[in-house]
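Take a moment with the model below.

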Protein chains: 2
Amino acid sequence: MYIFEVYQQVMGNSKLYKGSLHTIILKLLEENGKMYGYEITQKVKEITKGELQITEGALYPALHKLESEDLLDVEVAKVDNRMRKYYKLTEKGSIETVNKLKELEQYIRNMQVLVNPKWSIE
Amino acid sequence: MYIFEVYQQVMGNSKLYKGSLHTIILKLLEENGKMYGYEITQKVKEITKGELQITEGALYPALHKLESEDLLDVEVAKVDNRMRKYYKLTEKGSIETVNKLKELEQYIRNMQVLVNPKWSIE
DNA sequence: ATCTTATGCATAAGAAAATTATGTATATAT
DNA sequence: ATATATACATAATTTTCTTATGCATAAGAT
């Protein structure tokens, strides 16, 4: 019996993803209106061509946290006899999304000048 | 008596910096040959125009970790009667620097397509 | 002269955010 | 039948910071 182990390439394959999960979730919800947890993991996997796999242990606590901060609204649905919890941005969440994206852009800018002083900051 | 508090803007002002300290240190050492801890904090502050302040509580343990992984060599010096510990990349450290920079580029690419599907990945 | 700020290192306690490991349950494919 | 996919949840542990100390010398300000 042969066992082919598939190494799950999780967030933190490169540790850099640490701290960017909330930004990712908020932006995907801004883009797609409403999504449920599992859908988010699949979307991220698809967009990054499998490079970034969000683990459930990170995702669900993050969604709960964002909800508790009134950045997300939840709506429970039953599809094919399976539960789904659809999340969407609140008004506060939309504002926070803009802030988080600005922080991301600034972070990227700073990292670029730190690691490559020759790059222009346009 | 008036007290003007200066709020130190530390790493994690935006949480995104979590996980990027090792990359920053390695790249600065690649760029500058050898540096001591305090010098690194000042260089980062200068390059990011004060936006990113590396705290000592993060920096020194990080340097010790990199040293223990044989990525850095240390050389102690005494300048103006004060101790300095100069760090430089080992051969292994140089290789790891290249890897970390590739990971950073990939991270930035992935985040860009995640947050802005319209951006080109060049 | 004295006090503050800057330089330079170090470590311990606590918090935050992930990983890893479980657990439950239904649907689908082999 | 059995494994995989779908869909949620949480607890234990680890990693990586922040915050709070501690020590020591030099330089600048009042």
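What follows goes from the contact between the chains to single residues.

This is a predicted model: local features need pLDDT of at least 70, side-chain atom pairs count only at pLDDT 80 or more, and totals for chains, interfaces and linings use all residues. Residues are numbered from 1 along each chain as its sequence is written, chains are lettered from A and ligands numbered from 1 in the order in which they are written, and side-chain values use heavy atoms, with hydrogens and water left out.

Start where the chains meet. Chain A gives 32 residues to the contact and chain B gives 33; contact means heavy atoms within 4.5 Å. About 3100 Å² is buried between them, 70% of it from carbon and sulfur atoms. Buried area is the accessible area (1.4 Å probe) that two parts lose on being put together, summed over both. On the side of chain A, A:Leu16, A:Tyr107 and A:Leu114 lose the most area to chain B, together 22% of what that side buries.

What polar links cross the interface of chain A and chain B? The rule finds 10 residue pairs in polar contact, both residues at pLDDT 80 or more. A polar contact is a pair of N or O atoms within 3.5 Å; within protein, one must be able to donate a hydrogen and the other to accept it, and residues adjacent in sequence count only if both atoms are side-chain atoms. Salt bridges between chain A and chain B number zero. Such a bridge is a side-chain nitrogen of Lys or Arg within 4 Å of a carboxyl oxygen of Asp or Glu.

Over all chains, though, the structure holds 12 salt bridges. One of them joins A:Glu30 and A:Lys27, at 3.0 Å from N to O. Both residues lie in helix H1 of chain A, three residues apart, about one turn of the helix. Helices (H or I, at least four residues) and strands (E, at least two) are DSSP runs, numbered from the N terminus. A:Lys27 is buried, at 9% relative accessible area, while A:Glu30 is partly exposed, at 36%. Buried means under 20% relative accessible area, exposed over 50%, partly exposed in between (1.4 Å probe, protein chains only).

In chain B, B:Lys27 and B:Glu31 meet in a salt bridge of 3.2 Å, N to O.

Finally, turn to B:Thr90. It sits in the loop between strand S3 (82-89) and helix H4 (91-115) of chain B. B:Thr90 counts as buried because its relative accessibility is 13%. A polar atom of its side chain lies 2.6 Å from the backbone oxygen of B:Asp70.
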